[in-house]
Amino acid sequence: MGVGFETVPFLTTFILLPKTSPLFPYSSGFFSQIFCESPTRLIDPQLVSSSLLPANLLILGVSYLKMPSETMDVPKTGFSFDLCRRNDMLAKKGLKSPSYLKTGTTIVGLIFENGVILGADTRATEGPIVADKNCEKIHYMAPNIYCCGAGTAADTEAVTDNISSQLKLHRYHTGRESRVVTALTLLKSHLFRYQGHVSAALVLGGVDVTGPHLHTIYPHGSTDTLPYATMGSGSLAAMAIFESEYREGLTRDEGVNLVTKAICSGIFNDLGSGSNVDVCVIEKGKKEYLRNHLTPNPRTYISSRGYTFSKKAEVLLTKITPLKELVEVVEVGGDAMEE
Amino acid sequence: MVSSQSESGLLSSEGDSQRTQYPYVTGTSVIGIKYKDGILMAADMGGSYGSTIRYKSVERLKQVGKHSLLGASGEISDFQEILRYLDELILHDNMWDDGNSLGPKEVHNYLTRIMYNRRNKFDPLWNSLVLGGVKNGQKYLGSVSMIGVHFEDSHVATGFGNHLARPILREEWREDLSFEEGVKLLEKCMRNLLYRDRSAVNKLQIAKITEDGLTISQPYSLKTFWNFGAFQNPTVGAEGSW
């Protein structure tokens, strides 16, 4: 032992345990695979132990006996679905896995006479707890395209960021403004490739040369093209408002009011949505991101006196001793930090 | 020690007592609101058998005694059973012949007890009920669910109506709605449900109960609007999507 890994082609580590030791359950007899020192090789320890050692001693560590370069596996890219087999096995044994959680959100979009208006609430939940009171759910895709995201926050952010950079590269390549259908197709094919495991439900809206467009994208990759759309756990409450009050040819102010009303309906009638209303208005050639357009949930009870803490202990004496006088600081010549 | 792992994860095996029932013929939401003179209730007339709409003339709003109106969603056969229980209740009440009659509050309480006791026996009546009425000038509107959850409110809805109609009612309900305004509000909610609830049918009844008595309207249908420009040609300008 004590040999550096770089200098010898293989490393031997045996930790021998008598069968009576309390560590017995953790020894190799109870594992079918043990991860050895070298990260890419898994060996069945039974093969090693039975031939080399007395029967009452068991190996805790396993040696890697071949040259690393001969057997290096290239790690697989993309998602690893190994745990799916484990989940299937558990499900067969009767374990009920948690069902699909529609994480709390209300996101809406509507088309008005000159463009698209997107709206979202600002609450991010972690189960029953509000994790972020004022998060941003309207994501930038292109100067003329924005996307609201519901579902797992990490998934919506990662997917919109990824497609946003793809769109930018495409803009450099073509020299033209991005189109909403481009973003739609990129998002849709990405989500379909992951078969719904990327849990992102999106409302994509923008104005391009062909006009204003509004689409919804579901986690499995299907899309709809609609004049008004809602997604998230508060979608029914918001859709109730849209279905009863949407008309064609709304003006900008009417549209913003309707979107705000729909998001407020989600905020007040759905537990998964809350806090403030974000609105984004996209028209031909210009966009307006109204962050916290409406804050209908202010902190109501704030002490007007402020917070003061009474000084219970009286200060009798103040003495300050700089530590430099007490300690000897020796500069060592050479590099400051060696990894 | 015998490991209990094989039994712990699984729910009751087949052959045990019938614990869960499944509803077969179901009605969808009922909406009720208080208005100036009394209670207004609306329900459509559909009875779905799973995902088909089997019956299109199911009356889900019924009178109970002199002062109350009952609307039910959920299993239709259980609703008919409840009507039998209430029939018996009203009959016994009439037999007393004491000049007093059971009001909506009492009927609501009776229904709550029935539902809760059935749920405790693990044999629920698979309904969500809305009960409204007026007695001695007092308006009353309450709701009972299949497990016995009951409460009283100015506007109630069952099933999908909770998600689609209640937000509208919370915005737009007022204490002093006139009859026409109340009907318009209910129609707005029912139209919403028609668009967005798959088991809704476009044939509904509206019932009104006031101090003077009960009227259940004839069945009629709502006007719907499908002519949005975007629906005509949804993928123009967005070739490749649908």
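Guide: Side chains of opposite charge can pair when their charged atoms come close. This model is predicted, and over all chains it holds 19 salt bridges.

Visitor: Which residue forms a salt bridge with A:Glu243?

Guide: The partner is B:Arg196, with the closest N and O atoms 2.8 Å apart. This pair crosses between chains: A:Glu243 belongs to helix 5 of chain A, and B:Arg196 to helix 6 of chain B. A:Glu243 has a relative accessibility of 14%, so it counts as buried. B:Arg196 is partly exposed, because its relative accessible area is 38%.

Visitor: How far apart are the closest N and O atoms of B:Glu59 and B:Lys62?

Guide: They are 3.7 Å apart, and the two residues form a salt bridge. B:Glu59 counts as partly exposed at 38% relative accessibility, and B:Lys62 is partly exposed with a relative accessible area of 29%.

Visitor: Which residue forms a salt bridge with B:Asp153?

Guide: B:Asp153 pairs with B:Arg166, and their closest N and O atoms are 3.1 Å apart. The pair links distant parts of the chain, 13 residues apart: B:Asp153 is in the loop between strand 10 (150-152) and strand 11 (155-157) of chain B, while B:Arg166 is in helix 5 of chain B. The relative accessible area of B:Asp153 is 27%, so this residue is partly exposed. B:Arg166, at 11% relative accessibility, counts as buried.

Visitor: Which residues do salt bridges with shared partners join into one network?

Guide: The network consists of A:Glu245, A:Lys261, B:Glu172 and B:Lys188.

Visitor: How should one read a helix, taking helix 6 of chain B as the case?

Guide: An α-helix has 3.6 residues a turn, so residues three or four places apart point the same way. Helix 6 of chain B covers residues 179-196, and its 18 residues should span 26 Å at 1.5 Å a residue; the end C-alpha atoms are 26 Å apart, which agrees. Its buried residues include B:Val183, B:Leu186, B:Met190 and B:Leu194. B:Lys188, named above in the salt-bridge network, is also among the buried residues of this helix.

Visitor: What covers the buried residues of helix 6 of chain B?

Guide: The cover includes helix 5 (235-245) of chain A. From chain B it includes strand 2 (30-34), strand 3 (38-44), helix 4 (161-164), helix 5 (166-172) and strand 12 (204-210).

Visitor: How does helix 6 of chain A read by the same length check?

Guide: Helix 6 of chain A comprises residues 252-269, 18 residues that should span 26 Å at 1.5 Å a residue; its end C-alpha atoms lie 26 Å apart, in agreement. Among its buried residues are A:Val256, A:Val259, A:Ile263 and A:Ile267. The elements covering the buried residues include strand 5 (107-111), strand 6 (115-121), helix 5, strand 15 (277-283) and strand 16 of chain A, together with helix 5 of chain B.

Visitor: How are aromatic pairs described?

Guide: A pair of aromatic rings is described by the distance of the centres and the angle of the planes. The count comes to nine aromatic pairs over all chains. In one case, the rings of B:Tyr195 and B:Trp226 have centres 5.4 Å apart and planes at 90 degrees, so the pair is edge-to-face. This pair links distant parts of the chain, 31 residues apart: B:Tyr195 is in helix 6 of chain B, and B:Trp226 is in the loop between strand 13 (213-216) and helix 7 (229-232) of chain B. B:Trp226 is exposed, with a relative accessible area of 54%, whereas B:Tyr195 is buried.

Visitor: Which residues form one aromatic cluster?

Guide: The cluster is formed by A:Tyr228, A:Phe242, A:Tyr246, B:Phe225 and B:Phe228.

Visitor: Finally, which residues make the nonpolar surface patch of about 450 Å²?

Guide: A:Leu323, A:Leu326, A:Val327 and A:Val329 make this patch. A:Leu326 is found in the segment after strand 16 (286-294) of chain A, and its relative accessible area of 63% means that A:Leu326 is exposed. Buried residues make up 39% of the 339 residues in chain A.

Terms used:
Residues are numbered from 1 along each chain as its sequence is written. Chains are lettered from A and ligands numbered from 1 in the order in which they are written. This is a predicted model: local features need pLDDT of at least 70, side-chain atom pairs count only at pLDDT 80 or more; totals for chains, interfaces and linings use all residues. Side-chain values use heavy atoms; hydrogens and water are left out. Patches are made of residues with over 30% relative accessible area and no salt bridge: like charges are joined within 9 Å, nonpolar side chains (Val, Leu, Ile, Met, Phe, Trp, Tyr) within 5 Å. Accessible areas come from the Shrake-Rupley method with a 1.4 Å probe; for residues, only the protein chains shown count as cover. A salt bridge is a side-chain nitrogen of Lys or Arg within 4 Å of a carboxyl oxygen of Asp or Glu. Helices (H or I, at least four residues) and strands (E, at least two) are DSSP runs, numbered from the N terminus. Buried means under 20% relative accessible area, exposed over 50%, partly exposed in between (1.4 Å probe, protein chains only). The expected span of a helix is 1.5 Å times one less than its number of residues. Contact means heavy atoms within 4.5 Å. Rings of Phe, Tyr and Trp (its six-membered ring) pair if their centres lie within 6.5 Å; planes under 30 degrees apart count as stacked, over 60 as edge-to-face and the rest as tilted.
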